[in-house]
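Please look over the model below before reading on. My notes follow as numbered points.

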Amino acid sequence: MRIDAGLSKLLGLSRSAVAGLAEAGDVLVDGSPAGKSDRLMAGSWLEITLPAAEQPLQVVAVPVEGMKILHQDDDIVVIDKPIGVAVHPSPGWEGPTVVGGLAAAGVQIATSGAAERQGVVHRLDAGTTGVMVVAKSEHAYTVLKRAFKERTVEKRYHAVVQGLPDPSRGTIDAPIDRHPRHDYKFAVVTGGKPSITHYQTVEAFRAASLIDVKLETGRTHQIRVHFSAIKHPCVGDLTYGADPVLARRLAITRQWLHARSLAFEHPSGGWVQFESEYPDDLQNALDELRDQDG
């Protein structure tokens, strides 16, 4: 394997981070500096000098415009996440976060987990809107973490994808991992993590289809990657091959993808379900599709 690809897997770093180490002369193979595109050979002696550890990320209590609390009790808080909001702080992200917004609202969440993502039991992309749950009690954190891991949580998304998927109802079972050439993307790749997406067409238009999606697994960008792989990318998702002309026509500047509902066994007992309405930009694009077909 290439140095950047192989060491990325060995060290758990991004390929671009490994490439940076190689360019700085911090990757030695059998005592000699190696370039990012050099090949790893069996039996070679690797010496990698890692950069000094960065300071832990801090949660800053900043109100998040448009973030709604749908439900709150002693164990959980369920929120409706708006566009452009990350779930927790991460390197390079300077925008608003769910945990920062909850702190600003005076909501105390569980202390389990890494400092910057305490209480976080699942995530949505910054560019994806919709319903999500955060643990408030340590008991809830443990129970919900296990529920997501064991896939007993029902996560339903609505998406508008280009064209009409055939069959109109089905399952996409294809492994996902980082894109072999573009670090910021994911792709269906041999040897990737098992990824299963169930879908059903709700409404069909000439240019696109509204679909209901049930995730069996929860890989990063899973819905976007799977529908791109079957040539029906989410409308507006230019990263994964969507038509920019259609996106402009519908005045949408991000992927049409929304976490519609979340259902799970409440940490204190009983099955609960929460739903989120479409935000204005997604609703307007959907109305425009209906008008054009009308």
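1. Salt bridges link Arg2, Asp4 and Arg15 in a network. A salt bridge here is a side-chain nitrogen of Lys or Arg within 4 Å of a carboxyl oxygen of Asp or Glu. The structure holds nine of them.

2. A word on the basis. The model is predicted, so local features need pLDDT of at least 70 and side-chain atom pairs count only at pLDDT 80 or more, while totals for chains, interfaces and linings use all residues. Residues are numbered from 1 along each chain as its sequence is written, and side-chain values use heavy atoms, leaving out hydrogens and water.

3. Arginine 2 meets aspartate 4 at 2.8 Å, N to O. Aspartate 4 is buried, at 5% relative accessible area; arginine 2 is partly exposed, at 27%. (Buried is under 20% relative accessible area, exposed over 50%, partly exposed in between, with a 1.4 Å probe and protein chains only.)

4. Arginine 224 forms a salt bridge with aspartate 125 (3.6 Å, N to O). Arginine 224 lies in helix α5 (222-229) and aspartate 125 in the loop between α3 (98-104) and β6 (129-135), so the pair ties together parts 99 residues apart in sequence. Helices (H or I, at least four residues) and strands (E, at least two) are DSSP runs, numbered from the N terminus.

5. Aspartate 237 also forms a salt bridge with arginine 224, with the closest N and O atoms 2.8 Å apart. Aspartate 237 is buried, at 2%, and arginine 224 is buried, at 8%.

6. Three strands form an open antiparallel sheet, ordered β2-β1-β3. Strands pair if DSSP finds at least two bridges between them. Three bridges join β1 (27-29) to β3.
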